[in-house]
Amino acid sequence: MRKRTPPEEAVFLSPEDCKTKIKEYFDVHLAQNPEEIPDVEALADYLGTTREGLFAMEKGAAYGFELRKARNRIAKIKKQMAFKGKLPPAVLSFDLKNNHGYKDKQEEGAADNTVIIKGVAKEWAN
């Protein structure tokens with residue numbers, strides 16, 4: 001039986017190679033392909049891996065921090081696009097939840113955040 005190569009060994013030669021390839025993705029590849037919107041799958045494809053492979057490598061000490069920074073940069077770019085009306089909010093929301101670990105407030109224990117209004121507040125509502 002053949003030993004499987006961990007994904008990070010197949011993608012990067014060293015931590016410096018990881019930094020270089022990520023920098024090339026943002027600074028060279030995206031500049032040469034201005035119609036491409038940066039995203040997790042595009043980065044994974046550029047690096048020669050998959051979305052799942054990218055997430056697995058993020059857990060490792062060798063490349064995790066640089067990959068998390070890249071994913072954060074992608075989220076930042078997409079949020080700025082949404083703020084400027086170039087990305088629909090629903091698309092941004094879906095992407096942030098599925099690729100960047102964001103959660104809706106109610107997913108974080110809404111039962112603990114119950115607000116009870118008493119007193120004159122009832123009069124303010126009228």
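Leaving aside residues up to four places away in sequence, A82 touches L87 and L92, where a contact means heavy atoms within 4.5 Å. A82 is found in helix 5. With a relative accessible area of 19%, A82 is buried; buried means under 20% relative accessible area, exposed over 50%, and partly exposed in between, with a 1.4 Å probe and protein chains only. From C-alpha to C-alpha, A82 and S93 are 9.8 Å apart in space, and they are 11 residues apart in sequence.

Before going further, a word on what you are looking at. This is a predicted model, in which local features need pLDDT of at least 70 and side-chain atom pairs count only at pLDDT 80 or more, while totals for chains, interfaces and linings use all residues. Residues are numbered from 1 along each chain as its sequence is written, and side-chain values use heavy atoms, with hydrogens and water left out.

**The whole chain**

How many helices and strands does the protein chain have? There are seven helices and zero strands, so named because helices (H or I, at least four residues) and strands (E, at least two) are DSSP runs, numbered from the N terminus. Along the sequence, this gives the pattern α-α-α-α-α-α-α. The protein chain has 126 residues, of which 31% count as buried. Its accessible surface comes to about 9,300 Å², and 54% of that belongs to carbon and sulfur atoms; such areas come from the Shrake-Rupley method with a 1.4 Å probe, and for residues only the protein chains shown count as cover. Among contacts between residues at least 6 apart in sequence, 53% join residues at least 24 apart.

Helix 6 covers residues 89–99, and L92, D95, L96 and N99 in it are buried. Seen down the helix axis, these buried residues fall within an arc of 100°, so they line one face of helix 6; the arc is that of the directions from the helix axis to the C-beta atoms. What covers the buried residues of helix 6 includes helix 3 (40–47), helix 4 (51–58) and helix 5 (64–83). After helix 6 comes G101, whose phi is positive, near 80°.

Not counting residues up to four places away in sequence, R71 touches V40, F55, E58, N99, H100 and G101. Is R71 buried or exposed? At 18% relative accessibility, R71 counts as buried.

**Rings that meet**

A search of the whole structure finds three aromatic pairs. Rings of Phe, Tyr and Trp (its six-membered ring) pair if their centres lie within 6.5 Å; planes under 30 degrees apart count as stacked, over 60 as edge-to-face and the rest as tilted. Here are two of the pairs.

| Pair | Centres apart | Angle of planes | Kind |
|---|---|---|---|
| Y25 and F26 | 5.1 Å | 75° | edge-to-face |
| Y25 and Y46 | 5.5 Å | 55° | tilted |

Y25, F26 and Y46 form one aromatic cluster. Both Y25 and F26 are buried, whereas Y46 counts as partly exposed, at 31% relative accessibility. The charged end of R73 sits over the ring of F26, 4.1 Å from its centre; this label requires NZ of Lys or CZ of Arg within 6 Å of the ring centre and within 35 degrees of the ring normal.

**The nonpolar cores**

A nonpolar core is a set of buried Ala, Val, Leu, Ile, Met, Phe, Trp, Tyr and Cys residues joined through side-chain atoms within 4.5 Å. The largest has 19 residues, and those with the most contacts inside it are F12, F26, L43, L47, L54 and L67. Helix 2, helix 3, helix 4 and helix 5 are the elements that give two or more residues to this core. Beyond residues up to four places away in sequence, L47 touches V11, F12, K21, L54 and L67.

A second, separate core of six residues includes A75, M81, A82 and L87, which brings us back to A82, the residue that touches L87.
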